[in-house]
Amino acid sequence: MEIREIESTVLYIFLSEIRYKDMKNLDSLPQDFYEYVEKNIFSDCDSLILKDRDKDYPFPVTLAITQIRCRRKTVSKLSWLNCYRGFIYPCEQVAEQSTHQSVALYHAMLAGSGKRIADLTAGLGVDAFTMAFISEKVTAVEYDPLRAAAIRHNADVINIDNLTVVHADCTEWIRTAPEFDVVFIDPARRDDTGARTFRLSDSLPNVVGFRHEILSKTKLLIVKASPFLDITSVVREMPETKEIHLVCVKGECKEVLVIMPGKIQEQTYRSDDVTVKIVDLSHEVDSNRIRAGAEPGIISSFECSLSETWNKGAPIADGEDIVPGHYICDPNAGIHKIGAGSRLCRDFPGLKRLGPNTDLYVSPVYNDEFPGRIFRIDRQTDKKYMKSLKGEGRSVITRNYPLQASKLKASLGLREDDSKFIIGMRMGNNDKTIILDCTRIK
């Protein structure tokens with residue numbers, strides 16, 4: 001390991017060890033603290049810690065440098081919170097794991113307005129803050145004392161007065177807690193050893209084993225889970241599941257939400273009765289819209305039953321479908337995850353799947369409501385044409401193709417262009433390999 005790498009590792013450990021004494025007086029941080037953050041927002045943090053850690057500043061310099069790191073990590077996904085000069089991040093981990101502001105708006109919409117809400121794993125507090133703008137009262141439960149202290153401080157900074165912070169283990173606290181209209185929980189997706197987990201039964205706290213205690217205290221339970229969660233395992237582990245939402249931001253799947261009716265309505269459901277919904281949200285959110293409790297910007301939405309999440313029965317395209325002027329349709333990541341090819345082709349007449357194992361579709365007509373990207377076919381290529389593209393601008397997509405997109409792009413000598421696309425795939429029932437030159441329409 002190089003000296004620079006060793007220094008960086010040591011500094012990261014040093015920086016992560018923010019003591020509780022640095023967090024308990026957040027309201028008394030001097031203006032020098034915030035000026036230091038603003039002055040050094042683009043500085044190298046490793047150099048800062050080497051230069052400033054032994055200086056006698058009137059504030060905890062490690063906490064200040066943590067703010068610089070965290071604000072960089074969240075420059076896009078939490079832009080509205082970063083507008084507040086006094087907003088404090090207790091550690092880098094909560095910045096990395098925090099909910100995207102568009103997704104937090106979606107959570108608030110599901111919870112509903114005028115409700116009594118409990119967030120059992122509040123973390124940085126993004127969901128609790130966003131829900132508080134439209135709810136009657138929010139209780140934010142957080143086990144970590146540093147994070148709980150930061151939530152209290154930040155609620156004052158944002159001027160939220162209907163939020164109560166509870167520093168407690170939610171599995172103990174819920175036993176004597178009052179009843180709520182909605183309970184939201186985002187369990188840690190790492191086990192006791194720190195290894196990443198995907199199943200809800202392996203999360204901390206174990207929602208599967210803990211759910212009945214929560215359901216007895218609420219009318220609605222919303223569980224946030226990994227985007228890699230096997231949704232078919234959800235109904236096996238938690239048969240009370242009524243809805244499963246796959247939440248995407250600009251085509252990228254961010255999470256799976258599991259929704260269960262609680263007190264009074266608690267019952268089990270068959271797969272035909274479980275609704276699966278895929279939403280794709282806009283990345284941009286104005287801070288004024290968040291404070292006003294506006295609904296998230298939904299780019300597209302698709303809904304089916306759990307029993308329809310398969311591709312069997314979808315019509316398969318042949319050579320006659322691959323002609324200039326037809327459209328290649330690439331579903332968003334949520335639909336790629338669940339399949340539902342048969343339902344897609346039923347909802348959009350003329351749509352055909354490009355191959356049994358190729359998760360792309362072709363349509364003779366343009367349909368703006370298709371939940372994903374749409375490309376117009378300009379031509380089906382041959383070797384001579386592909387050679388002529390060297391140095392031209394193209395992005396590359398491959399589906400069920402012998403080469404990865406990056407390797408195909410390198411082999412063709414293409415430069416990046418997000419309006420023109422080369423799409424490589426296997427097509428038809430005989431898995432014929434083809435490459436299309438396309439223009440992105442949506």
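**Close-up 1. F421 in strand 15.** F421 belongs to strand 15, where strands (E, at least two residues) and helices (H or I, at least four) are DSSP runs numbered from the N terminus. The model shown is a predicted one, in which local features need pLDDT of at least 70 and side-chain atom pairs count only at pLDDT 80 or more, whereas totals for chains, interfaces and linings use all residues. Residues are numbered from 1 along each chain as its sequence is written, and side-chain values use heavy atoms, with hydrogens and water left out. With a relative accessible area of 4%, F421 is buried; buried means under 20% relative accessible area, exposed over 50%, and partly exposed in between, for a 1.4 Å probe and protein chains only. Apart from neighbours within four places in sequence, F421 is in contact with R373, F375, R394, S395, I397, L436, D437, C438 and R440, contact meaning heavy atoms within 4.5 Å. Between F421 and A118, which are 303 residues apart in sequence, the C-alpha to C-alpha distance is 46 Å.

**Close-up 2. Helix 18 and its surroundings.** Helix 18 spans residues 405–412, and L408, K409 and L412 are buried in it. Seen down the helix axis, the buried residues of helix 18 fall within an arc of 100°, so they line one face of the helix; the arc is that of the directions from the helix axis to the C-beta atoms. These buried residues pack against helix 17 (383–388), strand 14 (395–399), strand 15 (420–427) and strand 16 (432–440), while K407, A410 and S411 are exposed on the other side of helix 18. G413, whose phi is positive, near 65°, follows the helix. In the loop between strand 14 and helix 18 lies N400, which has a positive phi of about 55° although it is not a glycine. N400 has a relative accessible area of 27% and is partly exposed.

**Close-up 3. The pairing of helix 4 with helix 5.** The axes of helix 4 (residues 45–52) and helix 5 (residues 61–73) come within 11 Å and cross at roughly 175°; the axes are lines fitted to C-alpha atoms, for helices over the stretch in contact, and angles run from 0 to 180 degrees between N-to-C directions. The two helices, helix 4 and helix 5, are therefore roughly antiparallel to each other, a term used for angles over 145 degrees, with those under 35 counted as roughly parallel, 65 to 115 as roughly perpendicular and the rest as oblique. Helix 4 contributes C45, D46, L48, I49 and D52 to the contact, and helix 5 contributes V61, T62, I65, I68, R69 and R72. By class, this contact of helix 4 with helix 5 has six nonpolar, one polar and four charged residues, where Ala, Val, Leu, Ile, Met, Phe, Trp, Tyr, Cys and Pro count as nonpolar, Asp, Glu, Lys and Arg as charged, and the others, Gly among them, as polar. C45, D46, L48, I49 and D52 are also the buried residues of helix 4, and seen down its axis they fall within an arc of 160°, so they line one face of the helix. At the N-terminal end, D44 caps helix 4, with a side-chain oxygen 3.4 Å from the backbone nitrogen of D46.

Close-up 4. T74 lies in the loop between helix 5 and helix 6 (79–82), and at 0% relative accessibility T74 counts as buried. The side chain of T74 reaches the backbone oxygen of C70 at 2.9 Å. Leaving aside neighbours within four places in sequence, T74 is in contact with S79, N82, Y89, A95 and S98.

**Close-up 5. Helix 3 and its cover.** F33, Y34, Y36 and V37 are the buried residues of helix 3, and they cover an arc of only 155° around the axis, which puts them on the same side of helix 3. Their cover includes helix 4, helix 5 and helix 10 (145–158). E38 lies in helix 3 (residues 31–39) and, at 45% relative accessibility, counts as partly exposed.

**Close-up 6. Backbone details in two loops.** N159, in the loop between helix 10 and strand 3 (163–167), has a positive phi of about 70° although it is not a glycine. N159 is exposed, with a relative accessible area of 60%. A cis peptide bond, with omega about -5°, joins L204 and P205, and P205 is found in the loop between strand 4 (180–185) and helix 12 (207–215).

Terms used
Polar contact = N/O pair within 3.5 Å; in protein donor to acceptor, adjacent residues only side chain to side chain.
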